[in-house]
Amino acid sequence: MTQSTQKSSSLSTRHLTGIKELTPADIELILTTAAQFKEVINRSIKKVPSLRDITIANAFFENSTRTRLSFELAEKRLSADTLSFTASSSSVKKGETLSDTINNILAMKVDMVVMRHSSPGAPHFLAKTTKAQIINAGDGTHEHPTQALLDAFSIQEKLGEVGGKKVAIIGDILHSRVALSNIFCLQKLGAEVMVCGPSTLIPRHIDKLGVKVGHNVKEALEWADVANVLRIQLERQQIQYFPSLREYSLYFGINDKLLQSLDKEVVIMHPGPINRGVELDSDVADGKHSIILDQVENGVAVRMAVLYLLAERGQ
Ligand code: CP
């Protein structure tokens, strides 16, 4: 671990804007609490009264399936009151600003806002300018902290610990908020990280974050205990970063034949949504090394832990 890991019983922050702002002790506390909530959600009575007096708004200014549903379920399991907001069906379409939208939501006595927004830094701006506790559910190409936390939880569950493990993050690193949050989270927990992809999809100077950089998927898989495979984010790509999807798949896609050619086993992860046949073939996504659906299941427990600990940290 790179910073103090003294056990803590409360978070050092009242917002979750990014993994960068968390201490290793914060992350350990979230993972330990998530393990307790995972037990709870596997009982026949899955609901606890922990957030009974808390109101949470889910403000999604960008599309989401997993993160939004996972937060909504986590909130319900904790007995919070919730309201959900999607930009496509709101007055944002009439030109309302982010501040006005959020301040109107807060005027309804909301305690926490879970927010996804296309602008990097939007949750940090709201954390500074509003009274509510802010949880970043993905801000542009910047951070996706709860994804990194659930990824770390899933690695810990599968391999026993994160510290000392080698994790290769493979694919479109340039446009990925999952990559940056994972790098911060894994390093704070003592893992080694490699990023791998075409040089056009790897940010320049990313090695300054202390990660290895590779461009050969087979070599990355031979090095790694875990491969976290990222989606090619065509919707964020203004220019063409590689000749064709077929060529990307040929050089950077992971298929069963490639995994069979290794003399070791590698845990396969993906934050979803998957471009099947591009970055991952179905036989790998649905195969025995994949923990992709465990990641989704763990997301609910991890988000319950985040909401519970932030609520405890107080208004
Ligand atoms: N992993 C993830 O953030 O998925 P969604 O975009 O569906 O929320």
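Me: In this predicted model, where is H205 found?
Reply: H205 has a positive phi of about 70° although it is not a glycine. With a relative accessible area of 52%, H205 is exposed, because exposed means over 50%. As for its place in the chain, H205 is found in the loop between β6 and β7 (212-214).

Me: Which loop holds K109, a residue other than glycine with a positive phi?
Reply: Phi of K109 is near 65°. K109 has a relative accessible area of 67% and is exposed. The residue is found in the loop between α3 (98-106) and β3 (112-117).

Me: Is M194 buried or exposed?
Reply: M194 lies in strand β6, which covers residues 192-196. Beyond four places in sequence, M194 is in contact with V167, A168, I169, K212, G214, A220 and W223. Its relative accessible area is 10%, and the cut-off for burial is under 20%, so M194 is buried.

Me: What separates the C-alpha atoms of M194 and I169?
Reply: I169 is among the residues in contact with M194. The two are 25 residues apart along the chain. Their C-alpha atoms are separated by 6.1 Å.

Me: How many disulfides does the count come to?
Reply: A disulfide is a covalent bond between the sulfur atoms of two cysteines. The count takes a pair of cysteine sulfur atoms within 2.5 Å. C185 counts as buried at 1% relative accessibility, and C196 counts as buried at 0%. By the distance rule the count comes to 0 disulfides.

Me: Which helix holds F153?
Reply: F153 counts as buried at 5% relative accessibility. Leaving out residues up to four places away in sequence, F153 touches L31, A34, A35, K38, N298 and V302. F153 itself lies in residues 145-159, helix α5.

Me: How far apart in space are F153 and V92, C-alpha to C-alpha?
Reply: F153 and V92 are 61 residues apart in sequence. Their separation in space, C-alpha to C-alpha, is 35 Å.

Me: How far apart in space are R66 and S10, C-alpha to C-alpha?
Reply: The two residues are 56 apart in sequence. C-alpha to C-alpha, R66 and S10 are separated in space by 27 Å.

Me: What is omega near for the peptide bond from G272 to P273?
Reply: G272 and P273 are both among the residues that R66 touches. P273 lies in the loop between β9 (267-269) and α10 (282-285). The peptide bond from G272 to P273 is cis, with omega near -10°.

Me: What radius of gyration does the protein have, and what would a compact globule have?
Reply: The C-alpha trace spans about 55 × 45 × 40 Å along its principal axes. With 315 residues, a compact globule would have a radius of gyration near 20 Å. The protein agrees with this, at 19 Å.

Me: What share of contacts between residues at least 6 apart in sequence join residues at least 24 apart?
Reply: The protein has 11 helices and 9 strands. Buried residues make up 56% of its 315 residues. Among contacts between residues at least 6 apart in sequence, the share joining residues at least 24 apart is 73%.

Me: How far apart do the centres of the positive and negative side chains lie?
Reply: The protein exposes about 14200 Å², and carbon and sulfur atoms supply 49% of that area. There are 36 positive and 35 negative side chains. The centres of the two sets lie apart by 4 Å.

Key: Residues are numbered from 1 along each chain as its sequence is written. This is a predicted model: local features need pLDDT of at least 70, side-chain atom pairs count only at pLDDT 80 or more; totals for chains, interfaces and linings use all residues. Side-chain values use heavy atoms; hydrogens and water are left out. Buried means under 20% relative accessible area, exposed over 50%, partly exposed in between (1.4 Å probe, protein chains only). Helices (H or I, at least four residues) and strands (E, at least two) are DSSP runs, numbered from the N terminus. The radius of gyration is taken over C-alpha atoms; the globule rule is 2.2 Å times the number of residues to the power 0.38. Contact means heavy atoms within 4.5 Å. Accessible areas come from the Shrake-Rupley method with a 1.4 Å probe; for residues, only the protein chains shown count as cover. Lys and Arg count as positive and Asp and Glu as negative; His and the chain ends are not counted. The place of a charge is taken as NZ of Lys, CZ of Arg, CG of Asp or CD of Glu.
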